[in-house]
Amino acid sequence: MLYKNFINGEWVESATGKTFKSLNPADTSDELGEFPASDARDVEKAVLAADRAFREWSRVPAPKRGELLFDVAALIKQRKEELAQLMTREMGKVLKEARGDVQEGIDMTYYIAAEGRRLLGYTTPSELPNKHCLTVRRPIGRIAAITPWNFPFAIPTWKIMPALVAGNTVVWKPASDTPRLAYELAKIFEECGLPKGVLNVVFGGGSDVGIPLCKHPKIDMISFTGSSDTGKEIYKYGAEKLSQVHLELGGKNPIIVLEDGDLDLAVEGILWSAFGTTGQRCTACSRLIIEDGVYEKLLDKLVPRTEKLRLGNGLEPQTDVGPVVNRSALEKIARYVEIGIKEGAKLLCGGEIAKEGVLSKGFFFKPTIFGDVKPSMRIFQEEIFGPVLSVVKAKDYDEAIALANNTAYGLSSSIYTQDVNKAHRAVEDLEAGITYINSGTIGAEVHLPFGGVKNTGNGGREAGLAAIDEY
Ligand code: NDP
């Protein structure tokens, strides 16, 4: 089926007449649709629609804007299973994780809908007599939302819902790998009666759609989740016109296991954090730092469990690990494995593209662990965004923390220890936006702020109370 852009409440063809296809990464013969490969002309129409709709939408009482989001949440909930199955087909994550992604979108939408009644300001005494001071919240204006494919439902809701409840209008450019999920979300808004132009969706590539959208003079804020390289480029476009820019970027998240940690619990957390979503989460664990005394013991438990993970189509109930998102991701992961081997790391398992039987129909990479990794190695420093875990040894707590912080990124982190003092110290010592104790690096909750430090962003936070402040 040929899908269209959603501009000013209508489904319209792109000015380019060109299209691209969305394919199932587990089986590329399965097509999810053909989408417009739009360009700056389509962006122009969408931004003008958002501009025209802004005044009226910003004057709809916030609780009424919230009520519309309650309807959206209810409809997503009703369609949860269908959306989850589409997600597994479109980007590969296993069905139970896809259900979690949609559920996060439901939770976020309900959570933010209620904020329509809580756009609180404050009153304060003045320093002058006969003067009364109060604050009111006002929307920023026209927001560009640019989202990645790895959480194709949850991440868009993190941006679109708070932007809308606060009274902004939105032009959304979804990732080219997951246009179908974006279409479904836009369709839900349409069915719930969102006024024309309040949310617009333009399909197409980062250069053809993303750049003109970020540069557009009528865009007041850019909210971006994606890689650090793209984030840095987008920050410049925002700076040129002094727009606000919210960046949620990459990660190289560590798990530390100390000698007194519960090793069996740690193995579960590591498997889930390193190989869940095939390692393609911004919070995925890609560095494991083990205290000397339990290095061999932990790897003796972890490696066989990793080798037993079953690769396959995420729709099959027995599958543990799905495909990676596309061919270029597969090739990038394979290149990093070669780099790791050349750098002298010890390949403990995996390390190759899986081609057995039905796996040859898609983009599968075997869950991979490198031991004896040195902190200077590229596999320890760079975001691979695939099922590759680099393991280093630390002589004690202090060295473990130093190794964890030895990275340009700072999104999530975790420590396994039974020592309550070390656990609490780690919360202070780890340079990361999120720290887990005795749990893996993944798992956001919508009422908590989410974001990182260092190259993971520019200080903003999504979700939680911060979501409304941002917009
Ligand atoms: P990219 O940066 O490649 O793409 C993200 C989005 O930006 C896509 O919609 C993409 O479009 C678009 N885009 C690409 N180039 C440009 C450009 N020059 N100008 C404007 N838009 C552009 O990231 P990935 O899709 O590969 O996503 C994975 C990355 O996202 C990882 O680094 C991951 O860590 C990070 N991430 C961060 C999260 C966080 O909260 N910190 C959460 C999830 C992911 P197109 O798809 O058409 O190329």
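User: In this predicted model, how far does a backbone N or O atom of Gly226 lie from an oxygen atom of the ligand?

Analyst: Contacts of this kind are read as pairs of N or O atoms within 3.5 Å. In the predicted model, the backbone atom of Gly226 lies 3.3 Å from a ligand oxygen. A polar backbone atom of Thr147 is 2.8 Å from an oxygen atom of the ligand. The side chain of Glu383 also takes part, with an N or O atom 2.6 Å from a ligand oxygen.

User: How much of the ligand's area does the protein bury?

Analyst: Burial is read against the area that the ligand exposes when taken alone, here 900 Å²; the protein buries 87% of that.

User: Which residues come nearest to the ligand, and which elements supply at least two residues of its shell?

Analyst: There are 31 residues around the ligand, and Ser176, Ser227, Leu249, Cys282 and Glu383 come nearest. Helix or strand elements that each supply at least two shell residues include α7, β10 (221-225) and α8 (228-240).

User: Turning to the rings, how many aromatic pairs does a search of the whole structure find?

Analyst: The search finds nine aromatic pairs. The angle between planes gives the class: under 30 degrees is stacked, over 60 is edge-to-face, and the rest are tilted. One of the pairs is Trp11 with Tyr183, whose ring centres are 5.0 Å apart; their planes stand at 55°, so this pair is tilted. Trp11 belongs to strand β2 (residues 10-12) and Tyr183 to helix α6 (residues 179-191), so the pair ties together parts 172 residues apart in sequence.

User: Is Tyr183 buried or exposed?

Analyst: Tyr183 counts as buried, at 11% relative accessibility, whereas Trp11 is partly exposed, with a relative accessible area of 22%. The rings of Phe35 and Phe203 have their centres 5.2 Å apart and their planes at 55°, so they too form a tilted pair. Phe35 lies in strand β4 (residues 27-36) and Phe203 in the loop between β9 (199-201) and α7 (206-215), so that pair ties together parts 168 residues apart in sequence. Phe35 is buried at 0% relative accessible area, and Phe203 is buried at 1%.

User: Which residues do the ring pairs link into a cluster?

Analyst: The cluster is made up of Tyr3, Phe6, Trp11, Phe20, Phe35, Tyr183 and Phe203.

User: Over which ring does the charged end of Arg142 sit?

Analyst: Such a placement is read from the ring centre. The charged end of Arg142 sits over the ring of Phe54, 4.9 Å from its centre. Arg287 lies over the face of Phe380, at 4.7 Å from the ring centre.

Terms used: Residues numbered from 1 in each chain as written. Predicted model: local features only at pLDDT ≥ 70, side-chain atom pairs only at ≥ 80, totals over all residues. Heavy atoms only, no water. Phe/Tyr/Trp six-rings, centres within 6.5 Å; stacked < 30°, edge-to-face > 60°. Helix = DSSP H or I, 4+ residues; strand = E, 2+ residues; numbered from the N terminus. Buried < 20%, exposed > 50% of the residue type's maximum accessible area, 1.4 Å probe, protein only. Lys NZ or Arg CZ within 6 Å of the ring centre and 35° of its normal. Near = heavy atom within 4 Å. Polar contact = N/O pair within 3.5 Å; in protein donor to acceptor, adjacent residues only side chain to side chain. Areas by Shrake-Rupley, 256 points an atom, 1.4 Å probe, with all protein chains shown as cover.
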